[in-house]
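Welcome, and please take a look at the sequence and model below. The briefing that follows walks through a few local features.

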Amino acid sequence: MASIIVNDVGPRDGLQNQRKILSPQERIQLVKALIAAGMKHVEVGAFVSPKAVPAMAGADQVLAGLPATDHGVFTVLIPNFRGYELARDAGAKSVCTVLYGSEGMAQANVKMSREQADQATADTLVQARQDGIRVTATVAVAFECPFDGPVEPDLVQELVARFLQLGADEVAIADTIGAANPQQVRDLTDLLVRKHGAGRLSCHFHDTRAMGLANVFAAVESGIRKFDASIGGLGGCPFAPGASGNVATEDVVMMLEQMGFDTGIDLNRLIKASTLAQNLTGTAPGGRSKAWLERHLAKQNSK
Ligand code: COA
Ligand code: ZN
């Protein structure tokens with residue numbers, strides 16, 4: 001059976017925008033619930049300015065509280081080279097840097113130009129290779145920017161090609177504000193997979209306009225085999241007006257499993273993690289499939 005990797009970004013993308021700030025202990029509890037469900041890839045926090053994003057303070061404590069495992073990839077987001085150094089010193093083995101499809105988003109998110117952000121990732125790649133740390137470069141606002149409007153696919157293609165060439169372990173295509181439609185996704189991912197293969201590509205969708213799952217499907221059809229998703233549909237970027245939650249992990253996993261892909265994730269336990277996310281935050285909507293899954297799994301479990 002073909003496999004697809006789902007990377008849960010709830011503890012980072014999800015929690016960064018919540019009114020309620022969770023303690024490092026609560027965030028560890030959420031990550032552990034995801035691990036218990038069989039998730040091997042989790043974005044567990046961000047080494048960003050605590051003034052800019054108070055909810056991510058204490059990412060070092062989150063990393064320190066996670067079980068040492070050879071099987072899990074715990075990634076942390078870094079906005080700049082300073083973030084890289086802090087993450088490395090806290091023991092991170094996998095980092096995610098951010099490239100931008102627009103000038104407006106780079107300025108709003110990290111007070112840098114696009115070019116400065118490119119340089120920060122390029123510098124990180126050089127250092128990370130020496131340090132033996134894995135790097136994912138995410139192209140934020142890869143389809144549309146809330147400030148500058150639609151993004152040219154040529155620009156995204158150029159960024160992907162350049163950073164794969166520079167040695168990024170992975171390049172993620174992110175629809176940060178949930179503005180893409182499945183045809184756009186299909187057109188872009190078809191081109192990228194044809195040119196680079198799918199091995200180092202992944203996609204990240206938000207569900208702002210209910211197209212998150214359709215966009216995942218479109219990218220699967222192109223051959224993409226790794227996706228970000230967020231437990232309970234938590235999420236949104238504090239610096240991208242109008243961005244709502246990521247596509248929910250339970251919805252993505254259910255769809256992929258029903259389509260015959262192996263995600264390695266136990267839906268029974270994933271639903272428990274989703275309920276924990278809802279209880280901890282008070283705001284996680286829960287995936288659209290959650291109520292159905294709960295009924296269906298309860299029936300199955302009672303047999
Ligand atoms: N982690 C923690 N602190 C950091 C940091 C990092 N990665 N980078 C810089 N800082 C600190 C500086 O040391 C400085 O501290 P001080 O005030 O105690 O001297 C302070 O932040 C300001 O530094 P400066 O370089 O002037 O930053 P800035 O005010 O221009 O902000 C960022 C730039 C990148 C630090 C900030 O905008 C940020 O963290 N953004 C993250 C946005 C985000 O997470 N978005 C969602 C995910 S994509
Ligand atoms: Zn996002």
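**A strand and its neighbours**

C96 has T136 in β5 as its bridge partner. This is a predicted model, in which local features need pLDDT of at least 70, side-chain atom pairs count only at pLDDT 80 or more, and totals for chains, interfaces and linings use all residues. Residues are numbered from 1 along each chain as its sequence is written, chains are lettered from A and ligands numbered from 1 in the order in which they are written, and side-chain values use heavy atoms, leaving out hydrogens and water.

**Pairing around β5**

- Strand β4 (residues 94-100) runs parallel to β5, and 7 bridges join them; strands here are DSSP runs of E with at least two residues, helices are runs of H or I with at least four, and both are numbered from the N terminus.
- Strand β8 (residues 170-175) also pairs with β5 in the parallel sense, over 4 bridges; two strands pair if DSSP finds at least two bridges between them.
- Within β8, I173 is the bridge partner of V139.

**Burial of β5**

- Of the 7 residues in β5 (residues 134-140), 6 are buried, so the strand is mostly covered (buried means under 20% relative accessible area, exposed over 50% and partly exposed in between, with a 1.4 Å probe and protein chains only).

**Positive phi outside glycine**

- K111 is not a glycine, yet its phi is positive, at about 55 degrees.
- K111 sits in the loop between α5 (103-110) and α6 (114-131), and it counts as exposed because its relative accessibility is 73%.
- A210, another residue that is not glycine, has a positive phi near 65 degrees.
- The loop between β9 (201-205) and α9 (212-222) holds A210, which is exposed with a relative accessible area of 64%.
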